[in-house]
Amino acid sequence: MVALGFWQLEVYHRQGEAAAARRADAAPIPLSSVARPGSSAAAGFGRSVTFEGSYDPALQLLVPTEDGTEQFRVLTGLRQADGSVVAVVRGVISRPPAPAPPSGQVQQIGVLLPTEEHAAEGNLPTGQIASVRLPTLAQQWPSPLIDGFVTLSGADAASQGLEPATLQLPESPGRLRNGAYVGQWWLFAAFALFMAVRMTRDIGVHEAEMAEAGVAEAGVAEITAERPGEPT
């Protein structure tokens, strides 16, 4: 039952991964429809979005990858027409320096992702940060910043002379039925364990009572044997 529960949990996670991939592969939507300055963009995380504006070469940082490849993600700020700034992972390079971003107005496509978890900065050189974390960027870049960041599509990254960055899609939930099956199997396992312990305890109690009764009967028989017989 425990093994079946873990199997259902694995199925649930696979379904979530497939759902996240389908969400990212859906037709792009305008970034402005899900992410506005000063508001949460949670509804758009994991969606492919379109946006436009101009890159600011002064707003460019390198983010070391954590996959052991010793590469760097190129993070550049893009100013939209409303003055807001979008953090854009344009792609990946093997070694600094990063190529300059395109000049002028550009139209881009990418996947909107939530801010990353905090990572220890260590002794990173100037111009590098440990993760694409919005609170950190807010201290270095002008506001307002759009919630989350965008990782460019493979085509847009290649057009800028960069390798596409690996997408870390936010996890989507699997089917509720399979999630319920996980709890169901583990509940059955717990109930079976409880009943086994309960039955073992009851058997032990019963055997102890029988043993005590046997001792008591033996004692009565011994006393009876030692007592002199009554005259008839």
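In this predicted model, the side chains of Arg79 and Asp56 meet in a salt bridge with an N to O distance of 3.3 Å; the term covers a side-chain nitrogen of Lys or Arg within 4 Å of a carboxyl oxygen of Asp or Glu. This pair ties together distant parts of the chain, with Arg79 in strand S3 (residues 72-79) and Asp56 in strand S2, 23 residues apart. Strands (E, at least two residues) and helices (H or I, at least four) are DSSP runs numbered from the N terminus. Arg79 counts as partly exposed because its relative accessibility is 33%, whereas Asp56 is buried, with a relative accessible area of 17%. Here buried means under 20% relative accessible area, exposed over 50%, and partly exposed in between, with a 1.4 Å probe and protein chains only. Residues are numbered from 1 along each chain as its sequence is written, and side-chain values use heavy atoms, leaving out hydrogens and water. As the model is predicted, local features need pLDDT of at least 70 and side-chain atom pairs count only at pLDDT 80 or more, while totals for chains, interfaces and linings use all residues.

The whole structure holds two salt bridges. The side chains of Glu116 and Arg73 also meet in one, at 2.8 Å from N to O. Glu116 sits in the loop between S5 and helix H2 (134-138), and Arg73 belongs to strand S3, 43 residues apart. Arg73 counts as buried because its relative accessibility is 15%.

Strand S3 itself is mostly covered, with seven of its eight residues buried. Eight bridges join S3 to S2 in an antiparallel arrangement, and Leu61 stands opposite Leu75 in S3; two strands are taken as paired if DSSP finds at least two bridges between them. S3 is also joined to S4 by eight bridges, again antiparallel, and Phe72 has Ile93 as its bridge partner in S4. S3 and S4 form a hairpin with five residues between them, and Gly83 in the turn has a positive phi of about 90°.

The pairing continues through S5. Strand S2 (residues 48-64) and strand S5 (residues 105-113) pair in the antiparallel sense over seven bridges, with Val49 opposite Gly110 in S5. S5 and S6 run antiparallel and are joined by four bridges; Val111 has Thr151 as its bridge partner in S6. Ser153 counts as partly exposed because its relative accessibility is 22%. Leaving aside neighbours within four places in sequence, Ser153 is in contact with Ile109 and Gly110, where contact means heavy atoms within 4.5 Å.

Two cis peptide bonds can be pointed out in the loops. One joins Pro96 and Pro97, with omega about 0°, and Pro97 is found in the loop between strand S4 (85-93) and S5. Another runs from Ser143 to Pro144, with omega near 5°; Pro144 is found in the loop between H2 and S6.

The largest pocket has a volume of about 540 Å³. Of the 24 residues lining this pocket, the closest to its centre are Glu66, Arg73, Glu116, Thr166 and Gln168. On a 1 Å grid over the protein atoms alone, a pocket is an open set of points where a 1.4 Å probe fits, with protein on both sides within 12 Å along at least five of seven lines, and lining residues have an atom within 4 Å of a point. Grid points are joined across faces, edges and corners, and the volume is the space filled by probe spheres set on the points.
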